[in-house]
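I opened this model to see how the chain is put together. My notes follow.

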Amino acid sequence: MRDMFDDDSGGGSDDFAKMFEASMRGVEHKLKAGDRIRGELLSIGKEEAFASTGTTEDGLIMKSDLVDGEGKLLHKVGDVLDLYVTRVKDGQIQLSTKPT
């Protein structure tokens, strides 16, 4: 039988369970200062930016870490960066492009 999306794979609930499990991997992982991660740049504001951390919380990066000496932005939303956790406090994760 075909479903409304023309998917006749038949393993819908099993496939969903596997995809959900894969998406949740790392969610329980706790970050600590000094950890090195790869994170996707999610947004860039006037003074700060946010990047994915592989956990349920996104990380905060100061925009000054993302510009050159002349203030020109070196990265754009969607770029994947090597980042370092500089601080974790009260659920907020602070990141930097430089190791501490």
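I began with a term: two strands pair if DSSP finds at least two bridges between them. With that in hand, I looked up β4 and β5. I found 5 bridges joining β4 to β5, and the two strands run antiparallel. I also noted that the model is predicted.

**Entry 1: the hairpin.** I followed the chain from β4 into β5. They form a hairpin, with 2 residues between them. D90 sits in the turn and has a positive phi of about 50°. Next I asked which residue of β5 is the bridge partner of V88. I found I93.

**Entry 2: the other neighbour of β4.** I then checked β1. It is joined to β4 by 5 bridges, and this pair is antiparallel.

**Entry 3: the overall layout.** I stepped back to list the elements. I counted 1 helix and 5 strands in the protein. Reading from the N terminus, the order is α-β-β-β-β-β. I looked up contacts between residues at least 6 apart in sequence, and 49% of them join residues at least 24 apart.

**Entry 4: the surface.** How many of the residues are buried? Of the 100 residues, 24% count as buried. The accessible surface comes to about 7400 Å². Carbon and sulfur atoms hold 52% of that surface.

**Entry 5: the core.** I looked for the largest nonpolar core and found 12 residues in it. Among them are L31, I37, L41, L81, L83 and L95. Which of the elements gives the most? β4 does, with 3 residues. I then took I37 and listed its contacts, leaving out residues up to four places away in sequence. I37 touches L31, L81, L83 and L95, and also S52, T53 and D82.

**Entry 6: an aspartate in a loop.** D79 lies in the loop between β3 (59-62) and β4. Is D79 buried or exposed? The cut-off for buried is under 20% relative accessible area. D79 has 18%, so it counts as buried. I checked what is around it. Leaving out residues up to four places away in sequence, D79 touches G39, E40 and L41. A polar atom of the D79 side chain lies 2.9 Å from the backbone nitrogen of K76.

Definitions and conventions:
Residues numbered from 1 in each chain as written. Predicted model: local features only at pLDDT ≥ 70, side-chain atom pairs only at ≥ 80, totals over all residues. Heavy atoms only, no water. Core = buried A, V, L, I, M, F, W, Y, C linked by side-chain atoms within 4.5 Å. Buried < 20%, exposed > 50% of the residue type's maximum accessible area, 1.4 Å probe, protein only. Helix = DSSP H or I, 4+ residues; strand = E, 2+ residues; numbered from the N terminus. Contact = heavy atoms within 4.5 Å. Areas by Shrake-Rupley, 256 points an atom, 1.4 Å probe, with all protein chains shown as cover. Polar contact = N/O pair within 3.5 Å; in protein donor to acceptor, adjacent residues only side chain to side chain.
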